[in-house]
Amino acid sequence: MASVALVTDSTADIPRELRDRLGISMVPLKVMFGSETYLDNIELQPDEFYQKLTRSQALPTTSQPSPADFYDVFKKLTDEGRSVVSVHLSGAFSGTYQSAVIAKSMFEDGADITVIDSCSASYGYGHIVVAAAELAARGAAAEEVVAEVHRLRRAMRLYVLVDTLEYLQKGGRIGKAAALVGSLLNIKPILTIDDGGVITSVDKVRGQKRAMARIAELLEANLGSRPINLMIALTPGFDETAKELSALLKQRFDVRSYLETAIGPVVGTHAGPGTVGVFVTPA
Amino acid sequence: MSRRSLNGKEWTAMVLAGAARLSANESRINALNVFPVPDGDTGTNMNLTMTAGVAELNHKPSDEVGRAAEALSKGLLMGARGNSGVILSQLFRGFARAAQGEREMNATQFANALQQGVDTAYKAVVKPVEGTILTVAREAARQAATSARRTADLTEFMREVLAKASETLNRTPEMLPVLKQVGVVDSGGQGLVCLYEGFLAYLTGMPAVDTAGETMFAAAAAPAPQASRAVPAPKPSAGSAAQAKLETESIDFPYDMEFFIQRAPASAPFPEKSFRQALERDGDSIILIEDGDIVKVHVHSRRPGDVLNYALAHGELTHLHILNMREQHRELLRPAAAAAPGTAAPQDGTAAAPVAPKPPEGAEALGLEAASGIPAGEYELAGVTASPESEPNPDAHEMAAYGVVAVSVGEGNAELFRSLGVDVVLSGGQSMNPSTEDLLGAIHSLSAQSVLVLPNNPNILLAAKQAAELADRPVTVLPTRTIPQGMAAMLAFQEEDSESANVERMTKAFERVLTGSVTQAVRDTQMDGLDIRAGQYIGILDKTIVAAADSAEEAGFRLLERMLSGGGEIVTILTGEGAAEEQAERLEAWLGERYPDAEVETHEGGQPLYPFLFAVEP
């Protein structure tokens, strides 16, 4: 067993078998449809969620894990004598990071726990957690793992296409893209999450096809012809754009590794059906 | 009757007669449109421009020709609308410059003034086209020089000038093929001839207008109608949503300077351009206004000593006001911070430092009265120390980076522009072009450091550029020619980007858009190889008529076919007055069938005269 244990939350959208294989601990957020509460990505899986979402009159709400939820996980891992590196959803979107920080403060000074705000969402940091877990599995020390998390966050290029800004706006997560709301023309904003973990618009174009072409252009401008690792997060049942986009990018780039994952219920609540996340790191 | 000179009162009466004549012929001039569509209301534009000039002339009557001409020039400059209106304002701007300081004017002086007007106008127009008002003015001025040598009698002089102007007007179809094709003379040139006819009528003692002359006269003397259309006065910036929050150290150019350079009489012309460049090296918010011997200077600078040294080279400095805006800003933050220890500085902008004395709107914005008025800087300072908690003034440094002004027509189109982030949408397009003053008012109403203007019509471009020159802050005019182009430009706008990046991206975006319009022909004509009957619907792509049909829908089909012949992913349909909902639906259905890959979007634009505007983006 590696001496460093990775902890994350359910919004990292890491596929379950990958999580299990790498021994990543996941603390779920919660989704509430009216009075029914579900543990994100555990009691409610993505495909089920989007069906429910389209049938539901009112939008679901979400809530962060309690510090106690994190405390239990941290306690178990530190009792095994391991160092903990806990990486979470951007603090600008959720109090999840805050809960983890409080959980850490409940420990004596001796516990080796590092809590990191990823300033990102979905597989934009899910990938970072996976890479960090792989490094830890090869025997890296906690400092090395933490350094790798920060390095990868800087290297990560991420673009998000939403079908409509409505969900981001209603959930209050729209950040600097707020200026685009209310446009009468069918505008497709190309969003990203900036270094401060806030959503911001990179460009806006009309039409889905143009949006995809523009993302390819932006990636080319950023990375040139370097080989890449490509990860795409999609919403099951509304994945046409994601399929087209991944086909386009595979055509244009030397893709060394490809991973497709589902955007989970909590992220889906705030981004809406039809959202596509494109995550790229230089290979 | 023989008259050898005109004093200010007589000159004014002559101009009023010209204005009345122009006004009486407004619709006749409008009818001379060179295009078989109601494209540009030259008569209306020239008349409204002249009316604004005359209003100013009546407002400041003078016995001296020089002063009267100056008043007219100022009024025209502010009221200028449409290309012909702007050119008219330039003609009299040059005229006024030549007449400066003169009590009376004889034929030689008159001829000189006409020539200077022509020189000024040619300089102002980027690409002068022959066969237009410019040619008529030029030939008339040339004749004036010859006539003034031959006769000192002003009536005789004016008769010859008018004869030459009319003759040149009649030759305009030979010079400009589009006029010949349609069989008309140039409308702007006709407007100028009307003005000269009025001049001659006054000199000969005839009524300027055959019938209802008195009414026309009264109309011309009435206050400018555009005053009521003026944009609201600048609002305090506290109400502005896009306000930037200011750190004291972020004031890059901390010294707010205002002063006058008193130029020695008969000194060399003031080198405005190089002086401006010198100030730009370490400053911004530069305003230079030349008025006779006085140059008013306003600048925010890093190096106030350098500014004063540059200025000293051009004359004596008076009414000096220099403020350190950082100091002011710190002063203002202090009481707020002290009141709530441990809290951050207020974020709502109430602690903002008032900076530059803001030139008021309208005529005074030119600063022509500033020399005798209260130095603005003084009460600005008093306001700061006396009531630091009072409403903040618009402050260049806590303004939004950009404001956007667009000209559009139709309520739906205006809504679309607003939804795309345009701050002020001025109404205007094919007819009723906004004047320079309207545009200037819109620019100054914004709490923004720099302003982008989308004219969305070639007829508004010159007025927009003129407004840009007169504005108290940097203004960039993007030469959008159509409403769809303007929308495409707006779509490419990114608030947080640099101005140059924005201008580049927006220009690229609007140049890619194809604009098509469907309208009704107003007369029988032959154009672009098509026989067109009055009342038929025509489809225009860019400037070429590509379809003529008996229904707007049919013209729309054929036009869209042409527009999509090279491909196109996004088609936008803006429906105007006279377009039935079912027609738009049928167009959409037809597009869906013929071009399944295209994404089609229809909006109610509400523009008059054009049942359909189309935009195709590749």
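Two strands count as paired when DSSP finds at least two bridges between them. With that in hand, welcome to a short tour of this predicted model. We start with the sheet in chain A, where β6 (residues 83-88) and β7(A) pair in the parallel sense over 5 bridges.

- The open sheet of chain A has 4 strands in the order β2-β1-β6-β7, and their pairing is parallel.
- At the edges stand β2 (25-27) and β7 (113-117) of chain A; each has a single partner strand, so one side of each is left without a neighbour in the sheet.
- On average, neighbouring strands of this sheet are turned by 20° against each other, direction ignored.

- Helix α5 (residues 123-137) of chain A lies across β1 (4-9) and β6 of that chain.
- Relative to β1(A), helix α5 of chain A runs at about 165°.

**D63 in chain B**
- With a relative accessible area of 45%, D63(B) is partly exposed.
- Leaving aside residues up to four places away in sequence, D63(B) touches N7(B), G8(B), K9(B) and R103(B).
- The side chains of D63(B) and K9(B) are joined by a polar contact of 3.1 Å.
- R103(B) is 40 residues from D63(B) in sequence, while their C-alpha atoms are 7.1 Å apart in space.

Definitions and conventions: Residues numbered from 1 in each chain as written. Chains lettered and ligands numbered in written order. Predicted model: local features only at pLDDT ≥ 70, side-chain atom pairs only at ≥ 80, totals over all residues. Heavy atoms only, no water. Buried < 20%, exposed > 50% of the residue type's maximum accessible area, 1.4 Å probe, protein only. Contact = heavy atoms within 4.5 Å. Polar contact = N/O pair within 3.5 Å; in protein donor to acceptor, adjacent residues only side chain to side chain. Helix = DSSP H or I, 4+ residues; strand = E, 2+ residues; numbered from the N terminus. Axes fitted to C-alpha atoms, helices over the stretch in contact; angles between N-to-C directions.
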